[in-house]
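Happy to walk through this one with you. Have a look at the model first, and then let's take some questions in turn.

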Amino acid sequence: MKKHILIAALLLAAVTGFSNIAPAQQPAPQSTEVQLTPDLELVTASIAHELWQKPESERAVIFDPAGRHQLREPGFAYPGFIVARIDYSDYGLLQEDRTAIMARGAMQFQDEYQRAASVAFMAKYRVSDDGEITILDSLAEPYSPPNPRVGVIFVDRETVKNAGQGIYDSWEKLFTFAVNNAVGRGETSKRPNYYYVFVFCLDRIAPDAKLDVIASRKQDEKRPTKSIADTDYLDYQGYRVGVAGGKMTLESSKNVFYINIYYTPGSDVPQDKRAKKLVGQFGNK
């Protein structure tokens, strides 16, 4: 089942006509070339385990109880995620304390569905003569990618109705249901039919970020008030899903429509970079 779900995520573009499903993007902080030393590797691993809320006591790393540590995120422990990428933006001795080392960077977590979660981190630490590592201060903050990956899946309305409300219990359950029951190109008639449209965001975004799903006869329509279909939005701990429905023809040169998906960054992005942008589009033409 896990293999099937992963393949389905990879092929989502082909199923739905999307071109925006791609490997998760590089972390936002600017990376620099850093030689991975044993102490840096252990510190980074310890931070990852704190984010998982599963600290490894056998590691030769101590979090100084007198220091400031803000790593764990209440209510989210990156369940089922592995570290897929690490980029370092800063590493070296502190100017004010030549016995301490500062490391900054970003981790990207990914799960079997190809969902991604990005975290910027900082650690100030010291290595003793006998090799013991003490993390003096540490911090981790989630951040959103500049262009979240999205995918759209059409499912016959009767299939959705017959499935019941249980499909909405979790992101995983809803995504699995939609993929297993997706209606692809070449599988529909030229006549209109009733469908549900599920739009999944595969990247975790900020609580105050916006995802707008706009169904329109006009390509690139960005005003939600001009949408020809009402959309409900679900938020599964930062993973957004837009759900809309209506009577439509999925392949037509006459009754043309577009599903325009816009993203407006939240407060984890600088104010001057929060412009609304098109991140995905489906057209039935």
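Q: Which strands do the buried residues of helix 3 pack against?
A: Keep in mind that this is a predicted model. Helix 3 covers residues 38-51, and its buried residues include L40, V43 and I47. The strands they pack against are strand 1 (61-63), strand 3 (82-93), strand 4 (101-110), strand 5 (116-127) and strand 6 (133-143).

Q: How many of the residues of helix 3 are buried?
A: Helix 3 has 14 residues in total. The helix is mostly covered, with D39, H49 and E50 among its buried residues. The count of buried residues is 11 of 14.

Q: Is T44 buried or exposed?
A: T44 sits in helix 3. Buried means under 20% relative accessible area. Because its relative accessibility is 4%, T44 counts as buried.

Q: Which residues does T44 touch, not counting residues up to four places away in sequence?
A: T44 is one of the buried residues of helix 3, and those residues pack against strands including strand 3 (82-93), strand 4 (101-110) and strand 5 (116-127). With residues up to four places away in sequence set aside, T44 touches I86, Y88, M107 and F121.

Q: What span does helix 3 reach from its first C-alpha to its last?
A: At 1.5 Å a residue, 20 Å is expected for helix 3. The modelled span is close to that, at 20 Å.

Q: Which residue just after helix 3 takes a positive phi?
A: Helix 3 runs over residues 38-51. Just after helix 3, a phi of about 60° is found at Q53.

Technical notes:
Residues are numbered from 1 along each chain as its sequence is written. This is a predicted model: local features need pLDDT of at least 70, side-chain atom pairs count only at pLDDT 80 or more; totals for chains, interfaces and linings use all residues. Side-chain values use heavy atoms; hydrogens and water are left out. Helices (H or I, at least four residues) and strands (E, at least two) are DSSP runs, numbered from the N terminus. The expected span of a helix is 1.5 Å times one less than its number of residues. Buried means under 20% relative accessible area, exposed over 50%, partly exposed in between (1.4 Å probe, protein chains only). Contact means heavy atoms within 4.5 Å.
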